[in-house]
Amino acid sequence: MKSALFVPLLTGAILAGLPVQAAEITGADLIDQITGKSFDCVQGDIPLEWRFDDIAQDAKTIPYTAVVRGKTVEAEYEVTSNGRLSSDGYGAERIVERAPDGTLTVTRADGRAMTCIVQ
């Protein structure tokens, strides 16, 4: 996993104050952005890997794998009627935003956010 490099790079970009305009992605656009891809992510100070197999455009659920601190977790998101992700006990929709540089930010209803770059 490249997370050893990702955390300092992400932190450096944030500290540099680079302007980032993010736009929410939902539905087919969201599926296009994650299908068949793996991401290096950080949630707070915790690095993790987020992986997806190929996803059908009409999928109602989206299985994923997360590797956190050496532990692999398999779970799935539900695709809501708004084209957003909802999942595993948190219930509320997650907001997924894409920055111009391709970085994805996934924000839960409780405000916790995960920032990811494609591997």
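Reader: Why is Cys-116 called buried?

Author: Buried means under 20% relative accessible area, while exposed means over 50% and partly exposed lies in between, with a 1.4 Å probe and protein chains only. Cys-116 has a relative accessible area of 0%, so Cys-116 is buried. Cys-41 also counts as buried, because its relative accessibility is 0%. Please keep in mind that this is a predicted model, in which local features need pLDDT of at least 70 and side-chain atom pairs count only at pLDDT 80 or more, while totals for chains, interfaces and linings use all residues. Residues are numbered from 1 along each chain as its sequence is written, and side-chain values use heavy atoms, with hydrogens and water left out.

Reader: How do you know that a disulfide joins Cys-41 to Cys-116?

Author: A disulfide is a pair of cysteine sulfur atoms within 2.5 Å, and the S to S distance between Cys-41 and Cys-116 is 2.1 Å. The two cysteines belong to distant parts of the chain, with Cys-41 in strand β2 and Cys-116 in strand β9, 75 residues apart. Strands are DSSP runs of E with at least two residues, helices are runs of H or I with at least four, and both are numbered from the N terminus. A search of the whole structure finds one disulfide.

Reader: What makes the disulfide of Cys-41 and Cys-116 right-handed?

Author: The torsion about the S-S bond is about 110°, so the disulfide of Cys-41 and Cys-116 is right-handed.

Reader: How do you know that β2 and β9 pair?

Author: Two strands pair if DSSP finds at least two bridges between them, and β2 and β9 have five bridges, in the antiparallel sense. Thr-115 in β9 is the bridge partner of Val-42. β8 and β9 also pair in the antiparallel sense, over four bridges, and Leu-104 stands opposite Cys-116 in β9. β8 and β9 form a hairpin with five residues between them, and Gly-111 in the turn has a positive phi of about 90°.

Reader: Why is the pair of Trp-50 and Phe-52 called edge-to-face?

Author: Rings of Phe, Tyr and Trp (its six-membered ring) pair if their centres lie within 6.5 Å, and planes under 30 degrees apart count as stacked, over 60 as edge-to-face and the rest as tilted. The structure holds six aromatic pairs. For Trp-50 and Phe-52 the centres are 4.7 Å apart and the planes stand at 75°, so this pair is edge-to-face. Trp-50 is buried, because its relative accessible area is 1%, and Phe-52 counts as buried at 4% relative accessibility.

Reader: What makes the pair of Tyr-64 and Tyr-77 stacked?

Author: The rings of Tyr-64 and Tyr-77 lie 4.3 Å apart, centre to centre, with 20° between the planes, and this pair is stacked. Tyr-64 in strand β4 and Tyr-77 in strand β5 (residues 71-79) are 13 residues apart, and both tyrosines are buried. Phe-39, Trp-50, Phe-52, Tyr-64 and Tyr-77 form one aromatic cluster.

Reader: Which residues of the largest nonpolar core touch the most other members?

Author: A nonpolar core is a set of buried Ala, Val, Leu, Ile, Met, Phe, Trp, Tyr and Cys residues joined through side-chain atoms within 4.5 Å. Of the 21 residues in the largest nonpolar core, those touching the most other members are Ile-34, Phe-39, Trp-50, Phe-52 and Ile-62.
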